[in-house]
Amino acid sequence: VFTIAYHPTMLHPSAVFLPPGAAAQKEVFRMIRILTDSASDLTATDSARPGVYTVPLSVTFADGTGGLDGVELTADEFYAHLKVDKVPPRTSQPSPASFIELFEEAADAGDEVIVITIAQKLSGTYQCASLAAAETDATVYIIDSETATQGEAIIVREAIRLREQGLSASRIAAVLETFKKRVRVVAIVDSLKHLQKGGRLPAAV
């Protein structure tokens, strides 16, 4: 259960994800594209907005199965594994190549890109996006959300709101760097089991 504290002008929170290569099939919001990763748990409504793209992380279970989060693996399938697996699943950040594809498409269209990633302390996604940006001619602004899940999604929605107000990409990026400091996520877990399995808590707790 998550209790979210967010800006009063935010749109209501929740995702449909783009598989690699699907960016060209989506209606493009000219000039500013907003990219995030699947850790943001965007809603289908937010994901379907023009010029909003989600790069999936990958999930691997103990038996070697898994797939791209939200593309090859649904939330229901993830939680079904979580109930029975004794070893927690592993997640991997997107490859730089997955970002490069989207950045090059933006550059070809003359668009700028704002990237909002899961916290650097939790994943290498920010680093991958940075490496990718250095390999292209696109104008890219990368924001470390310093959070995940709905905290990250709140920052994405703020970026969308600011874009709709007509702010430039550089201005949006600057505002988000301040805005993210006000985002807080408070979570209450139903069970300590998965925290113990993942080594976050000792078994004696």
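Modeller: Accessible areas come from the Shrake-Rupley method with a 1.4 Å probe, and for residues only the protein chains shown count as cover. On that basis the chain exposes about 10700 Å², of which carbon and sulfur atoms supply 54%. This is a predicted model, in which local features need pLDDT of at least 70 and side-chain atom pairs count only at pLDDT 80 or more, while totals for chains, interfaces and linings use all residues. Residues are numbered from 1 along each chain as its sequence is written, and side-chain values use heavy atoms, with hydrogens and water left out.

Colleague: Good to know! What makes up the secondary structure of the chain?

Modeller: There are 7 helices and 9 strands. Helices (H or I, at least four residues) and strands (E, at least two) are DSSP runs, numbered from the N terminus.

Colleague: Let's take a residue. Why is Ser38 called buried?

Modeller: Buried means under 20% relative accessible area, exposed means over 50%, and partly exposed is in between (1.4 Å probe, protein chains only). Ser38 has a relative accessible area of 1%, so Ser38 is buried. Across the chain, 41% of the 205 residues count as buried. Ser38 itself sits in the loop between β2 (32-37) and α1 (44-47).

Colleague: How do you know that the side chain of Ser38 makes a polar contact with that of Asp69?

Modeller: A polar contact is a pair of N or O atoms within 3.5 Å; within protein, one must be able to donate a hydrogen and the other to accept it, and residues adjacent in sequence count only if both atoms are side-chain atoms. The Ser38 to Asp69 side-chain contact is at 2.8 Å. A polar atom of the Ser38 side chain also lies 3.0 Å from the backbone nitrogen of Leu57.

Colleague: And in the loop between β2 and α1 there is Asp41. Why is Asp41 called partly exposed?

Modeller: Its relative accessibility is 34%, so Asp41 counts as partly exposed. Phi of Asp41 is near 55 degrees, a positive value in a residue other than glycine. Most residues other than glycine have a negative phi. Glu146, in the loop between β8 (139-144) and α5 (149-164), likewise has a positive phi, of about 60 degrees.

Colleague: What makes Thr149 buried?

Modeller: Thr149 has a relative accessible area of 19%, so Thr149 is buried. Thr149 lies in helix α5, and its side chain makes a polar contact with the side chain of Asp41 at 2.6 Å.

Colleague: What makes you say that α5 is largely enclosed?

Modeller: Of the 16 residues of α5, 15 are buried, so the helix is largely enclosed by the rest of the structure. From its first C-alpha to its last, α5 reaches 23 Å, close to the 22 Å expected at 1.5 Å a residue. That expected span is 1.5 Å times one less than the number of residues.

Colleague: How do you know that the buried residues of α3 are on the same side of the helix?

Modeller: The residues in question are Ser98, Phe99, Leu102, Phe103 and Ala106. They cover an arc of only 125 degrees around the axis, which puts them on the same side of α3. The arc is that of the directions from the helix axis to the C-beta atoms. On the face turned away from the buried side, α3 carries the exposed residues Ala97 and Asp108.

Colleague: What covers the buried residues of α3?

Modeller: The cover includes β2, β3 (52-55), β7 (112-117), α4 (125-134) and β8. It rests on contact, meaning heavy atoms within 4.5 Å.

Colleague: What makes a nonpolar core a core?

Modeller: A nonpolar core is a set of buried Ala, Val, Leu, Ile, Met, Phe, Trp, Tyr and Cys residues joined through side-chain atoms within 4.5 Å. The largest one here has 20 residues, and Ile114, Ile116, Ile172 and Leu176 have the most contacts inside it. Its largest share, 7 residues, comes from α5. Apart from this core lies another, of 16 residues, among them Ala106 and Ile142.

Colleague: Last one: why is Thr36 counted as buried?

Modeller: Thr36 is at 1% relative accessibility, so Thr36 counts as buried. Thr36 is found in strand β2. Leaving aside neighbours within four places in sequence, its contacts include Leu42, Tyr53, Ile116 and Val156.
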